[in-house]
Amino acid sequence: MAFDVNKIRADFPGLNSGLAFFDGPGGSQVPIQVGNAISEAITKPISNRNTITQSERNAEEIVINFRQAVGDLINADPGGVVYGRSWTQITYDFSRTIAKTWKPGDEIIVTNLDHDSNIRPWVQAAESVGAVVRWAKFDLATGELATSAISDLLNEKTRLVAVTGAGNTLGTRPDIKAISTAVHQSKALLYVDGVHLTPHAPIDMQDMGADFYGFSFYKLFGPHCAALAAKPELLMTLNNDKLLPSTSAVPERFEFGTLPYELMAGCTAAIDYISNMVQSDLSTRRAKIQHSMRELEKYEEELFALMESGIQGLPGVTTYGHAKKRTPTVYFNLKGFQGAQVYQYLADLKVNAPAGNFYALEVSRALGLGDTGAVRVGIAPYSTIEDVNRLLDGLHELTK
Ligand SMILES: Cc1ncc(COP(=O)(O)O)c(C=O)c1O
């Protein structure tokens with residue numbers, strides 16, 4: 001069955017506001033099923049995770065379900081799924097831990113296409129041990145990040161490559177599989193930021209060849225937290241700082257303090273929601289997720305084409321990023337208007353379309369947009385043709 005937007009819209013109380021949401025790349029609206037799962041988990045008998053009492057078992061079960069759900073979403077081993085309060089926090093933690101294995105003169109590669117959370121933690125970790133940072137750059141005209149931009153920098157000293165699955169302003173989707181082949185020939189590790197990609201495409205981190213892959217739940221129907229996945233054997237080689245009484249087991253040793261069971265239950269509900277988003281008679285959650293995401297991708301591509309061509313037809317418009325493979329995201333400026341003015345004008349029409357650098361600071365600076373950036377609009381699963389028309393009508397009104 002095809003993607004049915006009206007069916008899913010009924011599940012999102014936030015849509016009753018009448019707002020048209022083009023700020024999905026910053027965070028999605030949340031279906032009622034996720035809110036209910038959080039509420040249920042926090043109000044049922046709950047204790048610290050263990051297996052002796054019922055309330056302990058409830059917490060234990062939530063954690064097990066969370067890891068399995070993430071495993072199903074991105075094709076990861078549940079035994080290597082790490083919970084984190086945000087992707088930024090996870091990357092800071094892992095960069096510091098992985099940097100303990102580096103020595104002066106070792107090299108890492110970051111890209112200027114990435115959100116700062118997949119750049120700065122690595123740059124700072126490299127500085128702390130005297131490792132060298134190499135920068136892979138995207139093509140300013142097209143927004144493409146060529147595989148050669150990374151492979152040309154690889155050598156026997158390279159220890160890690162940090163790259164995004166999709167740029168959160170330009171939408172560019174680098175060829176991660178090809179990058180992975182090159183990175184692994186050099187015996188380096190590949191750390192992939194899947195925050196902007198995961199809400200828009202079926203994900204298979206093993207097929208992609210990512211050693212580490214992660215994303216944030218609040219971009220795909222879930223609460224404000226994140227997860228990272230890696231092979232348990234790889235995680236076992238990493239010695240992070242931890243409290244003496246806390247477990248050394250993987251993945252728990254990377255999760256500090258008591259876990260937020262209610263948020264984890266919400267994450268599982270978000271993944272279950274995705275698996276049921278498009279009807280099918282498939283039997284496993286993984287197969288249903290893949291099916292839903294493939295159908296969603298088709299739906300979003302149609303709306304994206306409409307939105308992008310409409311924006312490109314505006315007087316005085318500059319759109320940034322024209323990579324062949326992209327998420328449904330347009331980053332643009334209008335001559336004679338500050339991004340903030342466009343943002344405010346649309347907000348008054350109940351159309352959410354923020355402007356800024358969205359922490360893709362290197363992208364904004366490379367494009368000559370300084371730290372101000374541009375307006376960003378993204379298609380979300382609950383976006384409709386009517387929403388796109390409201391956005392385009394508003395922009396036409398502003399520019400006429
Ligand atoms: C591509 C990308 N990476 C990382 C992040 C940061 O994620 P978090 O807020 O979970 O730290 C964002 C947030 O906008 C993002 O779009």
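Select Ser 275 to start; this residue lies in helix H10. The model on screen is a predicted one. Ser 275 has a relative accessibility of 3% and therefore counts as buried. Show its surroundings: leaving out residues up to four places away in sequence, Ser 275 touches Arg 285, Lys 288, Ile 289 and Ser 292.

**Helix H2**

Next, select residues 32-43, which form helix H2. This helix has twelve residues, and the distance from its first C-alpha to its last is 16 Å, close to the 16 Å expected at 1.5 Å a residue. Which residues of H2 are buried? They are Val 34, Ala 37 and Ala 41. These cover an arc of only 60° around the axis, which puts them on the same side of H2. An α-helix has 3.6 residues a turn, so residues three or four places apart point the same way. Now turn to the face of H2 directed away from the buried side, where the exposed residues Glu 40 and Thr 43 sit. What do the buried residues of H2 pack against? Their partners are helix H3 (54-74) and helix H10 (261-275).

**Helix H3**

Select residues 54-74 to see H3. Its 21 residues should span 30 Å at 1.5 Å a residue, and the end C-alpha atoms are 31 Å apart, which agrees. Of the 21 residues, 15 are buried, so H3 is largely enclosed by the rest of the structure. Just after H3, select Asn 75, which takes a positive phi of about 60°.

**Cys 225**

Move to the loop between strand E7 (212-216) and strand E8 (226-230), and select Cys 225 there. Is Cys 225 buried or exposed? Its relative accessibility is 1%, so Cys 225 counts as buried. Apart from neighbours within four places in sequence, its contacts include Tyr 83, Gly 84, Arg 85, Leu 263 and Cys 267. For a distance to check in the viewer, take the C-alpha atoms of Cys 225 and Asp 207: the two residues are 18 residues apart along the chain, and these atoms are separated by 25 Å.

**A cis peptide bond**

Select Val 250 and Pro 251, which are joined by a cis peptide bond with omega about 5°. Pro 251 is in the loop between helix H9 (232-236) and H10.

**Helices H11 and H14**

Select residues 285-312 for helix H11 and residues 385-399 for helix H14. Their axes come within 10 Å and cross at roughly 5°. H11 and H14 are therefore roughly parallel to each other. On the H11 side of the contact are Leu 303, Leu 306, Met 307, Gly 310 and Ile 311, and these meet Ile 385, Val 388, Leu 391, Leu 392 and Leu 395 in H14. The residues of this contact divide into nine nonpolar, one polar and no charged.

Then select Thr 384, in the loop between strand E13 (374-378) and H14. Thr 384 is buried, with a relative accessible area of 5%. Not counting residues up to four places away in sequence, Thr 384 touches Val 5, Arg 9, Tyr 299 and Leu 303.

**Two loop residues with positive phi**

Select Lys 350, in the loop between helix H12 (339-348) and strand E11 (351-352). Lys 350 is not a glycine, yet has a positive phi of about 65°. This residue is partly exposed, with a relative accessible area of 39%.

End at Tyr 359, in the loop between strand E12 (355-356) and helix H13 (361-366). Its phi is near 70°, a positive value in a residue other than glycine. Tyr 359 is exposed, with a relative accessible area of 57%.

How values were computed
Residues are numbered from 1 along each chain as its sequence is written. This is a predicted model: local features need pLDDT of at least 70, side-chain atom pairs count only at pLDDT 80 or more; totals for chains, interfaces and linings use all residues. Side-chain values use heavy atoms; hydrogens and water are left out. Helices (H or I, at least four residues) and strands (E, at least two) are DSSP runs, numbered from the N terminus. The expected span of a helix is 1.5 Å times one less than its number of residues. Buried means under 20% relative accessible area, exposed over 50%, partly exposed in between (1.4 Å probe, protein chains only). The arc is that of the directions from the helix axis to the C-beta atoms. Contact means heavy atoms within 4.5 Å. Axes are lines fitted to C-alpha atoms, for helices over the stretch in contact, and angles run from 0 to 180 degrees between N-to-C directions. Angles under 35 degrees count as roughly parallel, over 145 as roughly antiparallel, 65 to 115 as roughly perpendicular and the rest as oblique. Ala, Val, Leu, Ile, Met, Phe, Trp, Tyr, Cys and Pro count as nonpolar, Asp, Glu, Lys and Arg as charged, and the others, Gly among them, as polar.
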